[in-house]
Amino acid sequence: IAEKGYGKRSFVEDYRLTGRACKGVINLNVSDKTGKVVSTIDVNDNDKFVVSTPGRICLFGEHQDYLHLPVIAGAISLRIAVEVRRRRDPLVHISLPDVNSSESFSLEGNLSYSKPGDYFRSAVNVLRNAGFTFSTGADCVVRSTIPIRAGTSSSSALVVSWINVLA
């Protein structure tokens with residue numbers, strides 16, 4: 001865990017054994033963004049973790065970033081948070097209490113969209129097409145203080161958080 005809240009989950013088996021005079025093993029690429037590594041903790045498959053992303057507003061150039069045009073954007077203090085508990089199977093269960101909804105699907109087989117704006121399945125498909133694979137499913141609860149359809153990038157924040165969950 002880094003001093004600015006960043007973390008990385010790694011299996012102990014992924015670290016090589018070294019001798020006394022070794023240079024060590026890098027477990028996190030340290031930067032100004034992450035800060036120094038300050039702690040390690042032992043976690044198991046039953047532990048929960050939370051991924052959170054802020055909303056944003058465009059001060060200049062609304063809806064131009066995907067057209068590769070100039071944008072001046074700023075993060076806002078409202079956030080979306082996805083609380084996650086990994087599963088041992090490929091099933092994904094997502095609770096969306098803020099909108100009284102839920103979704104479930106498997107990460108195995110074809111994943112067709114169930115509705116317009118199906119961000120969860122779409123992100124999985126995009127990552128699959130880029131060569132990613134998924135070894136476990138997850139039970140998730142999504143909560144947000146970002147208003148929907150208010151120009152504060154609630155859907156972008158959801159996709160960013162979800163992709164980080166899948167990673």
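Residues are numbered from 1 along each chain as its sequence is written, and side-chain values use heavy atoms, with hydrogens and water left out. Because the model is predicted, local features need pLDDT of at least 70 and side-chain atom pairs count only at pLDDT 80 or more, while totals for chains, interfaces and linings use all residues.

**Stop 1: helix H2**

Select residues 154–166, which make up helix H2. Helices (H or I, at least four residues) and strands (E, at least two) are DSSP runs, numbered from the N terminus. H2 has 13 residues and reaches 18 Å from its first C-alpha to its last, close to the 18 Å expected at 1.5 Å a residue. The expected span is 1.5 Å times one less than the number of residues in the helix.

Which residues of H2 are buried? They are Ser-154, Ala-157, Leu-158, Ser-161, Trp-162, Val-165 and Leu-166. Buried means under 20% relative accessible area, exposed over 50%, and partly exposed in between, with a 1.4 Å probe and protein chains only. An α-helix has 3.6 residues a turn, so residues three or four places apart point the same way.

Now show what covers these buried residues: the cover includes strands S1 (48–60), S2 (72–86), S3 (91–96), S4 (101–106) and S5 (138–144), along with helix H1 (119–129).

**Stop 2**

Select Ser-154, which is in helix H2. Ser-154 counts as buried because its relative accessible area is 16%. Leaving out residues up to four places away in sequence, Ser-154 touches Ile-80, Ile-146, Pro-147, Ile-148 and Arg-149; a contact means heavy atoms within 4.5 Å.

Step back to Ser-153, in the loop between S5 and H2. Phi of Ser-153 is near 60 degrees, a positive value in a residue other than glycine. Most residues other than glycine have a negative phi.

**Stop 2: the aromatic pair**

How many aromatic pairs does a search of the whole structure find? The search finds one. Select Phe-120 and Trp-162: their pair is edge-to-face, 5.2 Å centre to centre, with 90 degrees between the planes. Rings of Phe, Tyr and Trp (its six-membered ring) pair if their centres lie within 6.5 Å; planes under 30 degrees apart count as stacked, over 60 as edge-to-face and the rest as tilted. The pair links distant parts of the chain, with Phe-120 in helix H1 and Trp-162 in helix H2, 42 residues apart. Both Phe-120 and Trp-162 are buried.

**Stop 3**

Centre on Ile-94. Apart from neighbours within four places in sequence, Ile-94 is in contact with Ser-101, Ser-102, Glu-103, Phe-105, Phe-120, Cys-140, Val-142 and Trp-162.

**Stop 4: helix H1**

Select H1, where Phe-120, Arg-121, Ala-123, Val-124, Asn-125 and Leu-127 are buried. Their cover includes S3, S4, S5 and H2. Following H1 is Gly-131, whose phi is positive, near 100 degrees.

**Stop 5: strand S2 and its partners**

Two strands pair if DSSP finds at least two bridges between them. Thr-53 has Ile-80 in S2 as its bridge partner, and Ala-81 stands opposite Arg-143 in S5.

Next pick Arg-86, also in strand S2. Arg-86 counts as buried because its relative accessibility is 18%. The side chain of Arg-86 reaches the backbone oxygen of Val-165 at 2.6 Å.

**Stop 6: two loops**

Select Asn-100, in the loop between S3 and S4. Asn-100 counts as exposed because its relative accessibility is 73%. Its phi is near 50 degrees, a positive value in a residue other than glycine.

Finish at Ser-112, in the loop between S4 and H1. Is Ser-112 buried or exposed? Ser-112 counts as exposed, at 57% relative accessibility.

How values were computed
A polar contact is a pair of N or O atoms within 3.5 Å; within protein, one must be able to donate a hydrogen and the other to accept it, and residues adjacent in sequence count only if both atoms are side-chain atoms.
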